[in-house]
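Have a look at the model first, and then read on.

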Amino acid sequence: MTAQPLPLDRRNVWLYYAFGFFMDFALWAGVWIKYLIDVRGFELKWLLFMDLPFWLLVAVLQAPTGALADHIGRRKVLVLGAVLFSITVLGFGLTTNYWMLFFDYVIWAFAMSLRSGTDQALIYDSLKASGHESRFQRIVARGFASTLIAGMVGVALGGVLADRFGLALMVQVSAIPPLLAACVAFAMREPPVRREERHYWRSLGAGLTFAWKQPQLRYTLLIGSVLLTGTFGPVILVQPFLLNHDVSTALYGIYQAPLRLTSVVAALLAGWVGSRTQTGRIIVLACATIITAYIGLAAVPYTAAFVLFALPSLVSGLTNPIISGHLNERIPSERRATVLSVMQLCFSLQVAFFEPALGYFADDISLKAAFAFAGAYFLVLMPPLLILWRRAHGLERSESVAVVVAESAGGG
């Protein structure tokens, strides 16, 4: 008697968890800036300035790679992205000059763009094929938690091992988990999605047009990208903060692991919070929390201020699954990966200039100035976006009521 294969949704969900875990089990993540500065002799401001062309390339690639995933299948794109990411990490461990690092960043941009939104699109359509799409937000929250657990274990272990065996070796060994992720992605099964035969570039244009013409999608994508930027700033500034306060390499993981744990707990609670709190209120609270963290880090000159990094970690874990669910409910299957990639595109365009600015302020003025700049950036962008988001969703509710009234009148 042969064993029955797992249903498509169950199979892909477990593989989705494993894929995210291996992709984010990054032993190098907690020490790589210290490694590039202390071992390779690079300067922080030039490292972050190099991110300008990197993030611009990521922005350019977001929509095309999303459309490619919709066109040839998400599984193939995930495998390619994982292999390229492994090459990226190995390149970091071998780089000796800025030119080598630049070309490594180019490969990383392709790897990041290929993954962006593709894994979630595959999972949503797998659930939809089985009539279980209502589980998506909970599954994405668990998946996000699994990646955060991987990151937490990775940074905690990486700091200790780097202190014992050397920073360069630790970065080089970190290329192995993404290869395991490629094997996991290869084992996934493509969900049955009804696709019309269409030209690749026409599909890309249609997806982008669809995202822009839907106000609810447009402003959720924009707000989501700003929230990603707000929670990304502390990620960049954590290691400079520890360097500035002379924290030993062995403790880098110990300091950063609780930040990942905070995001894990928040992600696991996201489904529960999202079902009991309006999305608009969650976004407002997230905005206020990030601003509080930046102001506190700019104002408090002591190592104890490190605890404020936990606030953006909390926001990241909570809002990522909620916004993903909010978006996926409004996107048709054949355009899902393309539209989801738009948020990463907007995020990349922001970070391309935001990150080099942080490097300039941190290196040439002070770390305090970098935090103050980040807080000001967020204060300028979020209020008008929140007003537009609320207006768009108020219009959506009004249209829904009008449809119900019209149907009731027709039935009468």
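## A serine, a valine and their surroundings

Ser 263 is found in helix H12 (residues 252-276). Helices here are DSSP runs of H or I with at least four residues, strands are E runs of at least two, and both are numbered from the N terminus. Before going further, please keep in mind that this is a predicted model, in which local features need pLDDT of at least 70, side-chain atom pairs count only at pLDDT 80 or more, and totals for chains, interfaces and linings use all residues. Residues are numbered from 1 along each chain as its sequence is written, and side-chain values use heavy atoms, with hydrogens and water left out.

Is Ser 263 buried or exposed? With 4% relative accessibility, Ser 263 counts as buried; the word means under 20% relative accessible area, with exposed over 50% and partly exposed in between (1.4 Å probe, protein chains only). Setting aside neighbours within four places in sequence, Ser 263 is in contact (heavy atoms within 4.5 Å) with Leu 148, Ser 313, Leu 314, Ser 316 and Gly 317.

Val 226 can be read in the like manner. Val 226 sits in helix H11 (residues 215-244) and is buried, at a relative accessible area of 3%. The C-alpha atoms of Val 226 and Leu 385 are separated by 9.3 Å, while the two residues are 159 residues apart along the chain.

## The chain as a whole

The chain has 16 helices and zero strands. Of its 412 residues, 54% are buried. Among contacts between residues at least 6 apart in sequence, 87% join residues at least 24 apart. The accessible surface comes to about 18,000 Å², and 66% of that belongs to carbon and sulfur atoms; areas come from the Shrake-Rupley method with a 1.4 Å probe, and for residues only the protein chains shown count as cover.

## Two helices side by side

Helix H4 (residues 74-94) and helix H9 (residues 176-187) have axes that come within 8 Å and cross at roughly 170°. H4 and H9 are therefore roughly antiparallel to each other (angles over 145 degrees). In H4, Arg 75, Leu 78, Val 79, Ala 82, Val 83, Phe 85 and Ser 86 meet Pro 178, Leu 179, Ala 181, Ala 182, Ala 185 and Phe 186 in H9.

## Aromatic rings

Rings of Phe, Tyr and Trp (its six-membered ring) pair if their centres lie within 6.5 Å; planes under 30 degrees apart count as stacked, over 60 as edge-to-face and the rest as tilted. By this rule the count comes to 31 aromatic pairs. Two of these are set out below.

| Pair | Centres | Planes | Type |
|---|---|---|---|
| Trp 32 and Trp 108 | 5.9 Å | 85° | edge-to-face |
| Trp 46 and Phe 49 | 5.9 Å | 85° | edge-to-face |

The pair of Trp 32 in helix H2 (residues 32-38) and Trp 108 in helix H5 (residues 98-115) links distant parts of the chain, 76 residues apart. Both Trp 32 and Trp 108 are buried. Trp 46 and Phe 49 are three residues apart in helix H3 (residues 44-72), separated by about one helical turn. Trp 46 counts as partly exposed at 41% relative accessibility, and Phe 49 counts as partly exposed at 43%. Ring pairs also link Trp 28, Trp 32, Phe 54, Phe 85, Phe 92, Tyr 105 and Trp 108 into a cluster.

Definitions and conventions: Axes fitted to C-alpha atoms, helices over the stretch in contact; angles between N-to-C directions. Parallel < 35°, antiparallel > 145°, perpendicular 65-115°, else oblique.
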